[in-house]
Amino acid sequence: MKRNVLHISAAFFLLSLFLTGCMNDNAWIDAHRQGQSDQLLSDAGVFIVNEGNFMSGNATLSFYDKATGKTSNNLFYSTNGLPLGDVGESMSILDSLGYIAINNSGKIYVINTETGKYSGKITGLTSPRYIHFVSKQKAYVTDLYASAITIFNPVTFQVTGNIPTPGHASTEQMVQIGHTLYVTCWSADNTILKIDTENDSVTGEIKVGTQPKSMVKDKNNQLWVLCDGSFGGTTSGGQAELQQVNPETGQIEKSFALNSDNIASDLTINAARDTLCFINNDVWQMPVTASQLPAAPVLKNPGTIYYSLGVDPDNSDIYVSDAIDYLQRGLVYRLTAKGVPVDTLKTGIIPGFFCFKQ
Amino acid sequence: MPTKPEPDIQAPRFCIGFMKRLPLLLLLLIPFCQELRAQSLSDTLKIKEVRVVSKHLQKKEEAGLIRSDVDSIAMIKALNATLSELISENTPIFIKTYGRGALATASFRGTAPSHTQVEWNGISLNSPMLGMVDFSTIPVYFIDKVSILHGSGSLTEKSGALGGTINLQSDVDWSNHFSGSVLSGVGSYRSYDEFFQVKAGNRKIQSKTKAFLSQSANDFPYRNKFIATIDPKTGKYIYPKQRNKNADYRNYGILQEIYIRPDDKDVISGHYWYQHNSRSIPQLMTNETSGDGGVNRQTDQIHRAVAEWNHYSNKTTLKVSSGLNFDKMNYWLRANVNGTSGQVVVDSWSNAQSWFNKALFTYRESEDFSATAGIDVDRYQVRSQNYAPLANNYGYHKTRLESSAHLQVSKKFGKRFTSTFLVRQDFYDSQAAPIMPLLGLEYKLLANGNLYLKGNVARNYHQPSLNDLYYIPGGNPDLKPEEGYTGDLGLTWEKSYTHLHLYTTLTAYSSKIDNWIIWLPTNKGYWEPSNMKKVDASGLEYQLSLEGDEGPWHWHLNGNYAYTRSINRDDPVNWADQSIGKQLPFIPKHSANLSANLSRQGYHLTYQWNYYSERYTTTSNEKTTSLDYLYPYFMNDLFAGKDWNWKTYRLGVELKIFNLFNEEYRTVLQRPMPRRNYSLLVRFDF
């Protein structure tokens, strides 16, 4: 009988020996770091910020070489051994540095656009959206919740102040004409704020359609704004509209009603700044002089959802993304300005923003 | 840039090697058992029968259905734990947990969290808004028995449980006069658990009062490998040492139960459960916002009440019950606004009120034939409101009336063959759902041995939750119900030797689920649900339970293994869609647990082991980067304790060691988990 007791104890002992730890997190992290290669990223290329899934922290950065057609995915992680963060929102380039706003991580990562290597970061932000460089020493970041635009120094990566935007929690895209910066106030708002870039203060506002999100300026320095029509919360929402706004007078010069059943988003403009491009189920192109919406889209939707759009400021090539089911690496279609397919690339989860290296 | 198609990972390979060795361990133990038996037979003087109640009685009403009960030893070991730990360590159900004390949802047989129904004394604990249950908020202490209906077996209770139903039951002991228990625990990270119960009564009336408080600062330290300071000269990474900030929780509750037996034909019971949960959900490890940005808090105030009347007569049983489940929830999120830290930017309130009514009538013609008819009328009301600081408030207010009628006939043919047939018809408001039938067949393969062959087939429907339909923004009122076809085939073997009891069961299942509801992001800035997927979920479930005595020693071994293939069989979204034919994200293919318990004269030792194979985070099952999948999970816990008995009193002390090997690990992408941690429990029973 004693032998059995011994056996049982031995079994327990063996059990504990066999069932040892196996989850080597360090080995895992190391195995996926591909080391800092001394690759050089082409001068003519496109950075694609892949949002990743909200609360999963799997945003990634891709780089597409326009000449060779080669795509480097997961560039930031593989070069720097750190994930980009949660919800990659946008990217802007100043000289040789690329600034990537990571919305739900409250930070901006700065990389060298030649190598993809980490150069620094701006932390302590609330919910950063878009970055605009006023000068080589001054940049603005809009925010989804902060009711303020944060000012930082793109050289020192230090936050230097903020511009309060009372009554407007969500600030979105920025366009500068002269010394005046125009900012769309998107979520549950209908305003374009005017900011004096000399003394960093709000000087006025323009009321537009419901939820103005994206905005561009055309060759005549007229503002074009795309209002998605949905009031963040309500499914009923309002009317999706494309509006031309005179920045001087604040007058809405033209207003085109879009199909509100489908998502209207991603207003962009071509290299010559005379043709608009946007998503409203299909991809549409419209001359800034047009008096009505075009009859046919430049790219018909084959039954998918076009997630985001970018137009090459160099040659007006159109880049449209398709997130497929949002839970796998998405696609980017590259087309000429005339809508002729050029290339198709696979990037990361939810390709959401295009940043052209010039 | 060169990208390696297959990352070279040493650690998981080692683990796979180890997995192969696991069955060996089980084999290791078996010779001892046989030896035990041989010896005891020759040594009749020392025979001490193993007191085990048979786990499988061939009830015709459960013919062919797969039911498993959580072991009573496991329940005792988990007294101070939540249902999340009890289920993940003792059943084949996979629990996805977002961290210590954080949200824990179930995936039963490869299905979604809303496909597992949790019933407490006949009322549903699933949120009518979300459809799912947070297992981390249910204290095991408030439950006497946990019974699990796998797959189609759940149709006997309710429709919609495409994965299965977890039944939480209360027991009554009519022989009790006055007894009670105090359990007090102190653990790592300033964790305190207090439990108290008192039972009083006689053969006619019994009262049971339980209360608990469970709180933790939960601020365990960890090394954050997802952010780093990179030395510009050496390129060296300095990972910050951080604490799991804003993860504290404090849950408490009280349970009052009254049982009355006016005569030997009637039992009336009343149950009331109040619970308050409050916790914060920590930010992801990549978060680098400042101050109180991103801090949040979720508070629940829950009232549950059930009144039940059971009437027994010679040939019939009538059960009538009515119950309420009121859950008032608040969630707020703070951000740095205008340079000021910690301003509320999201403030959501919801008030879900569910009312359940049930009548069940059973007629037993003879040992060989019974029929049951049941009616359920449930009403759900949800008021969901979001207060936006600078905009109009938005939300929804909806009610839904769900009624269900079912009829079940069960027949035994001869001594060895049992069968049951059930039809269920549901109504949603005034709309009829398609008929749901269930057929179960069971055959005792050996005349003198307890070896059973079981099988069943069923059709089931799961209605969209109220958030799926009406949530603002995103809710889609055009959603169709999820439709499932399930079949099970299983073998159960039970055998009692003089000093050993063996119970083992192997089940293969296959289910096809159409119109699987999934929430996906849109470029409107919010998520929307749609009937996206066709899913084939199939797999194997294996359970082994061995229990034996040897002299003063008592030992118990319980293990589960599940093989789960939950495959997306939808049409591709487009030509590039790589998700077809792939495993659904976050569902492990292999999962297993093993718990070994040894006790002798008041001393007891428990070893718990839990394993999940890797989980993909994408629908395309890629393994290109470390963000695409999670490494296999292995967890080891060790509990040791001693009980002292004096007259009718008992004092017990137990030390629990969690994460025995002090592993640094994660179970979801960017949520840290604690290293080795401890809990000391003192228990006094009177």
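Modeller: Two strands count as a pair if DSSP finds at least two bridges between them. The model is a predicted one, and in it six bridges join strand β1 (residues 45-50) of chain A to strand β2 (residues 60-65) of chain A. These two strands run antiparallel. To find the pairing by eye, look for A:Val46, which stands opposite A:Tyr64 in β2(A).

The pair belongs to something wider. In chain A, an open sheet of four strands has the order β3-β2-β1-β27, and its pairing is antiparallel. Its edge strands are β3 (71-72) and β27 (351-357) of chain A, each of which pairs on one side only. Strands of a sheet pair through backbone hydrogen bonds, in either a parallel or an antiparallel way. In a regular strand the side chains alternate between the two faces of the sheet.

Another antiparallel pair in chain A is made by strand β6 (residues 107-112) and strand β7 (residues 118-122), which four bridges join. Here A:Ile108 stands opposite A:Ile122 in β7(A). β6(A) and β7(A) form a hairpin with five residues between them. In the turn, A:Gly116 has a positive phi of about 80°.

That brings us to backbone angles. Most residues other than glycine have a negative phi, and most peptide bonds are trans. A:Ile324 is not a glycine, yet its phi is positive, near 50°. This residue is found in the loop between β24 (318-322) and β25 (329-335) of chain A. A:Ile324 has 27 other C-beta atoms within 10 Å, and so is buried, the cut-off being 20 or more.

B:Arg109 lies in the loop between β3 (104-107) and β4 (116-120) of chain B. With 28 other C-beta atoms within 10 Å, B:Arg109 is buried.

For a peptide bond in chain B, go to the one from B:Ile472 to B:Pro473, which is cis, with omega near 0°. B:Pro473 lies in the loop between α4 (466-470) and β26 (482-496) of chain B.

Last, a helix. Eight of the eight residues of helix α3 (residues 83-90) of chain B are buried, so the helix is largely enclosed by the rest of the structure. Among them are B:Leu83, B:Glu85 and B:Asn90.

Methods: Residues numbered from 1 in each chain as written. Chains lettered and ligands numbered in written order. Predicted model: local features only at pLDDT ≥ 70, side-chain atom pairs only at ≥ 80, totals over all residues. Buried ≥ 20, exposed ≤ 12 C-beta atoms within 10 Å, placed from the backbone.
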